[in-house]
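Here's a quick briefing to read with the model open beside you.

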Amino acid sequence: MRAIRIALTKGRLEKRCVELFEAIGFDCSQLINKGRRLILPMNAHEVVLAKAQDVITYVEHGACDLGIVGKDTIVEADSGVYELLDLGFGKCRFALAGPCGVDFYAGYHERVVASKYPAVAKHFFEQKGMDVRIIKIEGSVELAPLLGLAHAIVDIVETGSTLRENGLEVIEEIMPISARVIVNKASMKLRRAEIEGLLSDLALAAQVN
Amino acid sequence: MKRYAKITPEGTKDSLFAECAAQAAVQGKLTQVFESYGYAPVMTPHLEFQDVFLRQSADWLAERLYHATDSTGHLLVLRPDNTLPIARVAATRLREAAFPLRLYTHQSVFRRSRFYSGRNDEIRQSGVELLGAQGLRADLEILLCAVDALRACESPRFRLELGHAGVFRSLADALQPDEDTRAALVRCIETKNYPALEALLAPLGGSDEAEALRQLPRLFGGAEVLAKAEKLFRGTQAGAALLYLQRLYAALQALDLQDVIDIDLGLVHGQDYYTGFVFRGYMEGSGVTLLSGGRYDGLLAEFGRPAAAVGFAVGSEPLAEALLESGKVPAQPAPDVLIFAPAGLEATALAHMAQRRGEGLRCELAMVETMEEARQYARRCGIAKIAVVAGEDIMEDVEVRA
């Protein structure tokens, strides 16, 4: 049987993931000095580093058994994976934000909302029973209201300083976000003992961290 | 330029040669198992009226369906599921047929998936439905049939997991959540999302039912799960479903199947038509659900013939892929003999070929003009013998040297 494969999100969550695995006594030296290799050994496991969306894709298809990824990406992807553990780090929140002092809800005009997370934005306004035009933006969403493309944005907000620097403010919180452990459904059933062991170690380490 | 004339739609594909042979081999093996249990084949149309699938108990989201219209403008769909059409047939055309009815199908279902998700939109399925039968006997038959089906296909290590629709239903009913909350509960339990489940249950109070729901996604594993659940479900209405699962599991243990069957009390189907035990199957090397089924005692009544029913469907494509990978699908051998006839003797050649085919030989008619070309062709295709037709009754076999 092949080694358990773990997909980790590159970037923001990477360092915290390494700390977590070190805390449960794994040898992460290969992860730290990865060079150009794409599949890295960590004890008896194999680790890959991938973009957040790809972590979900690899786990959903069973190419990786387990992944660590932000709740923001999970909500947007709406995939069929087990979401088993809240690791409590990588904390931020989804929020609706717009120009300071402007009442987003006032008036009867059509609203345009820019977002990197169109599914989240759509669902949020659907729940309010509001018809909103959503435009997908790939990069710095804060630009859209500044350039007059949108009335507001739906985005992840960590400290809010980027918003403030651009004359924007949070209009409404949508949901809290943190790093989660996801598991492929078939892996969970076929390799239960190994995966449950790993999960309980991670849960314990996340509490201590 | 007609760009779309040369490709197949996203999520569909052509299957060529070995893939096709493997698919046929799997279907053959499954047919053998299904018929050995007394099931009879049926086919239903690819296109059905949308009404067959849009029901209270089986709400197919519009975005998952492929739509079309008939010549009067009625909405049709490519069937997304095989159970509903079978329920329709059993309740209508087979109205007079005595129960129990045992039916099997080998037919694709069609479900839209997100673009570039890499999923199949045409899903090749095989399935059985046992209609008009209830209780342990029928449920065991279906479970055993599923195990035998997977074993017959020599699938790699597989596991079935067993749950009961009554567990979630009775617990949720007691809490009386609104429709949205109920759907969110299903979603959280299905994805074993503990944190979100906690948050959803917090406002619903600290009753026995809420506590049981909170633990539901954790209740998976072997026999020990049933004992754990027994304590947890005390004081709730979920006891009846659990008691039944205990009986079912004991019977499976008696059949020595505990090594391939697990319990997952957090198994909740998106399809609400299941009323009794439910199960799913997974196979090593395939990250997706391979097999899915259970008891649906309310569905036939929706089509006008109240009756108990149970069944399952298995994706034949992962089985075919596994069979192909195992190398157990023999490659198609070269023909035994190449029939060559010069111009003017075409009809005679075919008459000779009919005779050879009658002898059980695999023949190929040479599409060339000269013996030298025939020899080259035979060599290239690995055909060991050429039958040269030289006249009405004249045929000479020539061995081809590699």
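Let's start with some strand pairing: in β9(A), A:Val157 is the bridge partner of A:Arg93. Keep in mind that this is a predicted model.

**Strands in chain A**

**Domains of chain A**
- Chain A is assigned a domain 1 made of 5-90 + 178-208, and a domain 2 covering 92-176.
- Going by C-alpha atoms, the centres of domain 1 and domain 2 of chain A are 30 Å apart.
- Where these domains touch, domain 1 of chain A puts in five residues and domain 2 of chain A six residues.
- On the domain 1 side of that contact in chain A, you'll find three charged residues, one polar and one nonpolar.

**Where chain A meets chain B**
- How many residues does each chain bring to the contact? Chain A brings 14 residues, and chain B brings 17 residues.
- On the chain A side, β5 (82-86) and α8 (185-190) each supply at least two residues.

**Domains of chain B**
- Chain B is split by the assignment into domain 1 (1-157 + 284-332), domain 2 (159-265) and domain 3 (337-399).
- The C-alpha centres of domain 1 and domain 2 of chain B are separated by 27 Å.
- Seven residues of domain 1 of chain B and eight residues of domain 2 of chain B make up the contact between them.
- On the domain 1 side, helix α3 (residues 136-152) of chain B gives the most, with six residues.
- Sorted by class, that domain 1 side in chain B has five nonpolar residues, one polar and one charged.

**Helices α5 and α6 of chain B**
- Helix α5 (residues 179-190) and helix α6 (residues 194-201) of chain B have axes that come within 9 Å and cross at roughly 155°.
- Angles over 145 degrees count as roughly antiparallel, so α5(B) is roughly antiparallel to α6(B).
- The α5(B) and α6(B) crossing is left-handed.
- From α5(B), the residues in the contact are B:Thr181, B:Ala184, B:Leu185, B:Cys188 and B:Ile189, and they meet B:Ala196, B:Leu197 and B:Leu200 of α6(B).
- By class, this contact of α5(B) with α6(B) has seven nonpolar residues, one polar and no charged.

**Helices α8 and α9 of chain B**
- Helix α8 (residues 224-232) and helix α9 (residues 239-254) of chain B pack with axes 10 Å apart, at an angle of about 160°.
- With that angle, α8(B) is roughly antiparallel to α9(B).
- α8(B) and α9(B) make a left-handed crossing.
- α8(B) makes the contact with B:Leu226, B:Ala229 and B:Glu230, while α9(B) uses B:Leu242, B:Leu245, B:Gln246 and B:Tyr249.
- Five nonpolar residues, one polar and one charged make up the contact of α8(B) with α9(B).

Key:
Residues are numbered from 1 along each chain as its sequence is written. Chains are lettered from A and ligands numbered from 1 in the order in which they are written. This is a predicted model: local features need pLDDT of at least 70, side-chain atom pairs count only at pLDDT 80 or more; totals for chains, interfaces and linings use all residues. Two residues are in contact if their C-beta atoms, placed from the backbone, lie within 7 Å. Helices (H or I, at least four residues) and strands (E, at least two) are DSSP runs, numbered from the N terminus. Two strands pair if DSSP finds at least two bridges between them. Domain bounds come from an automatic or database domain assignment. Ala, Val, Leu, Ile, Met, Phe, Trp, Tyr, Cys and Pro count as nonpolar, Asp, Glu, Lys and Arg as charged, and the others, Gly among them, as polar. Axes are lines fitted to C-alpha atoms, for helices over the stretch in contact, and angles run from 0 to 180 degrees between N-to-C directions. Angles under 35 degrees count as roughly parallel, over 145 as roughly antiparallel, 65 to 115 as roughly perpendicular and the rest as oblique. A crossing is left-handed if the near helix is turned anticlockwise from the far one by less than a right angle, and right-handed if clockwise.
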